[in-house]
Each structure stands twice: as structure tokens, then as C-alpha cells.
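I opened the model to look up a few positions. My notes follow the order in which I checked them.

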Amino acid sequence: MVKQARAWLTRERVLDAAAEEFAVHGFAATKVEAVVARTGMTKGALYAHFGSKHQLASELVNESVEHWKSLRADPGAAPPKPSAGTALTELIGRMRGQFETNVRFRAALRLAADCERSLGDSHGLFGDIRQEMVTSVRRAQEEREITPSYPAESLAHLILVVLYGFSYMPSWDGAHGVPVEPDDAWHVLRTVLRVG
């Protein structure tokens, strides 16, 4: 039992270290040696848990697919159901929280985006997130909470660019002016897109 717990903790440590590297460098530029250095393990010990860099990346993406399913679940399904605009704001907030606090999710999205872009595959994790965002934007447009003047696909893309980009932007301190928070950026965008 102790051996299994220790193996699980080691596996978790490897995944966290790999996520840190993949989130910053993407798949192609991540070196297994850098992951090994983050864990303090030997390369052989790492390979005892994961046979390749590809296997590490696949595990992070697979784990995040399951995580995404719970994230996208509509917590407002029970009465009273929130408006489409509120549901979209809540989805953006949940995603923002994951970008900020969950390096594995952030890394998986980087990996999925790299893969989907290079393979032209729109059915993976990033494609699923994009589709959910398009559907949410379209509902908000149908309820007239967001202007229908722009295609839902374009607005969803813009929202994802802001969310994804914020996770790679350095913090702005007082020298750069007023600190910018992702919620503030969404509020500005939503105000601009509001009907009326």
C-alpha cells in the first residue's frame, strides 16, 4: 500500500513538472531533461512512469478532457436557470480560474491547441472548448444579451484569445498603470457587445 501511494505521488510530481514545461514551451520545445530536472529524478525513473514525452503529453490532455467535462457542466441547470449572458460569464469565470490555478489544464490546452493547429483537427479538447463557447455566445445573442451584429464564432474566438492570452501575460504592476484583471477585460468586452 505504501509503495502504491509513493508511486502515485511520484507520478503526480512528474505530471506537474511536465505541465510546467509544456505550458511554457509547448510540445516540440519541451525537453524531457527539463522535466527530469524539475522532479529531481533520474531519466530512467521518469521513464519507469511514462515511456515517452508523447505519453506524458497524452496523459495531461486526457486528464484535462475529463476535467473540462466537469467545468462545462451547467451548474445553473436547477431552477432558477441563469440567463444565457450570466451562464456565459460563469463559464468564462470557471475557465479563467483554471487558467490561473491549474497548470495541468493550461498545459493541456497548449498541447491540444498546438496539435489541433498542426493536424487541422477541430474535434479535440480545444475544439470542444471552442464549440461550447460558440454555443454559449449564440445563446446570449438569441436572448439579446450580446449583440447579434457579429458572428458567434468570431466572438467566441475573441473570448478564448483573451482567456488564453491572459495566462501568458506578465502581471502589470503600478509602473504600467492600472492593473488589468481578466474579469475587467471580460466586463469591457461584454459592455461593448451589449445590445442597446
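Lys53 first: I find Lys53 in helix H4, residues 53-72. Helices here are DSSP runs of H or I with at least four residues, numbered from the N terminus.

This is a predicted model, in which local features need pLDDT of at least 70, side-chain atom pairs count only at pLDDT 80 or more, and totals for chains, interfaces and linings use all residues. Residues are numbered from 1 along each chain as its sequence is written, and side-chain values use heavy atoms, with hydrogens and water left out.

Is Lys53 buried or exposed? Lys53 is buried, that is, under 20% relative accessible area (1.4 Å probe, protein chains only). I looked for a salt bridge (a side-chain nitrogen of Lys or Arg within 4 Å of a carboxyl oxygen of Asp or Glu). Lys53 has none, and Glu33, the nearest side chain of opposite charge, is 8.2 Å away.

What does the Lys53 side chain reach? I noted the backbone oxygen of Phe27, at 2.8 Å. Leaving out residues up to four places away in sequence, Lys53 touches Phe22, Phe27, Ala28, Thr30 and Val32; contact means heavy atoms within 4.5 Å.

Next, Ser64, also listed in helix H4. Ser64 is buried, at a relative accessible area of 2%. From Ser64 to Asn102 I read 9.9 Å, C-alpha to C-alpha, across 38 residues of sequence.

Last, Arg144, in the loop between helix H7 (125-142) and helix H8 (152-166). Phi of Arg144 is near 65°, a positive value in a residue other than glycine. Most residues other than glycine have a negative phi.

Methods: Helix = DSSP H or I, 4+ residues; strand = E, 2+ residues; numbered from the N terminus. Buried < 20%, exposed > 50% of the residue type's maximum accessible area, 1.4 Å probe, protein only. Lys, Arg positive; Asp, Glu negative; His and termini not counted. Polar contact = N/O pair within 3.5 Å; in protein donor to acceptor, adjacent residues only side chain to side chain.
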